[in-house]
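Here is a short briefing on helix packing and charge pairing. Have the sequence and the model open as you read.

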Amino acid sequence: MTETVDDILADLDAMVGLGPVKQAIRRMADVQRLNADRRAAGEPVIDQPFDLVFAGDPGTGEDDVVRIVARLYAALGVLPEVKVAEVARVHLVGATEDDTRTRVSEAIEAARGGVLFVDEAQQLISLDPADQGDTAITALAEQMEGRGAADFAVVLSGPTEAMRLIIQHHPVLARCFDDVIEFPRYTPDELLELFRRRAAELHIEVPDGVAALVAEHLEQVHKGGRFRTARYVPSLVEEMYARMAARALADGVATPDEHRAFAAEDVPPVDQAALADTGLRVGFSAR
């Protein structure tokens with residue numbers, strides 16, 4: 001059964017947090033729907049670019065939102081397919097200019113009819129004159145400018161300042177991207193809701209007392225200026241799952257009551273949370 005725009009927007013609304021993002025995506029959908037109605041009536045329209053920039057910290061829902069955008073574009077008739085081709089620097093940048101342009105062309109071909117999602121696009125910024133990152137951006141911009149209607153859309157994602165820098169230094173991109181959609185950091189309450197949802201997926205209960213301890217844990221790491229993205233939640237759940245396993249199997253046999261609900265002792269101390277060497281994944285020290 002074909003998805004409706006309202007069904008897809010309901011999935012967007014069901015996501016945790018992201019108020020400004022939801023507002024921007026809904027506004028875009030409303031304009032596209034109005035344009036379709038006015039075109040059908042023979043009325044003039046104000047065309048809206050359908051390329052987007054997602055700006056903000058990694059782990060704030062960009063991957064999920066870009067898939068909703070792809071579904072919306074198909075339901076709105078903007079693009080013919082529900083398709084997301086996700087690429088990063090390694091897929092676009094080669095050792096030479098020719099190699100880089102070939103890679104960009106291959107990425108666009110894979111996305112044709114759908115959405116090309118360039119994740120962590122800030123890695124394309126060239127700091128070395130010999131680096132081909134700028135060539136990749138230029139090649140992408142050229143193909144965006146020369147494409148036909150309903151060919152493909154581009155979504156760039158990365159930190160706010162880096163994304164603005166890319167657009168500023170590539171005027172063609174500035175013409176393609178109308179707005180930068182800012183992805184806010186999650187609040188402690190929103191992180192707690194993400195935690196509850198992940199636990200529910202695992203069929204693990206979170207008693208009120210444990211939820212209060214998790215909320216306190218999240219509040220402390222948030223106040224410390226760390227771990228304000230959704231990437232922290234899976235690591236926290238994994239750590240608590242491991243602690244639950246050790247607790248449940250301490251006597252060699254786990255009873256259902258021991259592994260179907262988190263307990264207070266499963267919540268790790270805040271000082272054991274640590275960034276991995278990459279700075280992107282959160283883990284816990286072995287204490």
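How many residues apart in helix H5 are Glu97 and Arg101? They are four residues apart, so about one helical turn separates them. The model is predicted.

- Glu97 and Arg101 form a salt bridge, with their closest N and O atoms 3.3 Å apart.
- Helix H5 spans residues 97-111.
- Glu97 is partly exposed, because its relative accessibility of 42% falls between the cut-offs of 20% and 50%.
- Arg101 is partly exposed as well, at 27% relative accessibility.
- Elsewhere, shared partners link Glu3, Asp11 and Arg71 into one salt-bridge network.

**Other salt bridges**

- The structure holds 20 salt bridges.
- Side chains of opposite charge can pair when their charged atoms come close.
- One of the bridges joins the side chains of Arg39 and Asp47, at 2.6 Å from N to O.
- Arg39 is partly exposed, with a relative accessible area of 44%.
- Asp47 is exposed, because its relative accessible area is 58% and the class begins over 50%.
- Another bridge pairs Lys83 with Glu81, where the closest N and O atoms lie 4.0 Å apart.
- That distance still qualifies, because the criterion is within 4 Å.
- Lys83 has a relative accessible area of 23% and is partly exposed.
- Glu81 is also partly exposed, at 39% relative accessibility.

**H1 against H2**

- Two packed helices are described by the angle between their axes and the distance between the axes.
- Helix H1 covers residues 5-13 and helix H2 covers residues 19-40.
- Their axes lie 10 Å apart, at a packing angle of about 170 degrees.
- H1 and H2 are therefore roughly antiparallel, as angles over 145 degrees are classed that way.
- On the H1 side, the contact residues are Val5, Asp6, Leu9, Leu12 and Asp13.
- They meet Lys22, Ile25, Arg26, Ala29 and Arg33 of H2.
- This contact divides into five nonpolar and five charged residues, with no polar ones.

**H10 against H11**

- Helix H10 (residues 208-223) packs on helix H11 (residues 232-248) at about 135 degrees.
- The axes of H10 and H11 are 13 Å apart.
- That angle makes H10 oblique to H11.
- The crossing of H10 past H11 is right-handed.
- H10 contributes Val210, Val214, His217, Leu218 and Val221 to the contact.
- H11 contributes Tyr232, Leu236 and Met240.
- By class, the H10 and H11 contact has seven nonpolar residues, one polar residue and no charged residues.

**H9 against H11**

- Helix H9 spans residues 188-201, and its axis comes within 10 Å of the H11 axis.
- The axes of H9 and H11 cross at roughly 50 degrees.
- H9 is therefore oblique to H11.
- H9 passes H11 in a right-handed crossing.
- From H9, the contact uses Leu191, Leu194, Phe195 and Arg198.
- From H11, the contact uses Val233, Leu236, Val237 and Met240.
- This contact has seven nonpolar residues, one charged residue and no polar residues.
- Leu236 and Met240 of H11 take part in the contact with H10 and also in the contact with H9.

Definitions and conventions:
Residues are numbered from 1 along each chain as its sequence is written. This is a predicted model: local features need pLDDT of at least 70, side-chain atom pairs count only at pLDDT 80 or more; totals for chains, interfaces and linings use all residues. Side-chain values use heavy atoms; hydrogens and water are left out. Axes are lines fitted to C-alpha atoms, for helices over the stretch in contact, and angles run from 0 to 180 degrees between N-to-C directions. Helices (H or I, at least four residues) and strands (E, at least two) are DSSP runs, numbered from the N terminus. Angles under 35 degrees count as roughly parallel, over 145 as roughly antiparallel, 65 to 115 as roughly perpendicular and the rest as oblique. A crossing is left-handed if the near helix is turned anticlockwise from the far one by less than a right angle, and right-handed if clockwise. Contact means heavy atoms within 4.5 Å. Ala, Val, Leu, Ile, Met, Phe, Trp, Tyr, Cys and Pro count as nonpolar, Asp, Glu, Lys and Arg as charged, and the others, Gly among them, as polar. Buried means under 20% relative accessible area, exposed over 50%, partly exposed in between (1.4 Å probe, protein chains only).
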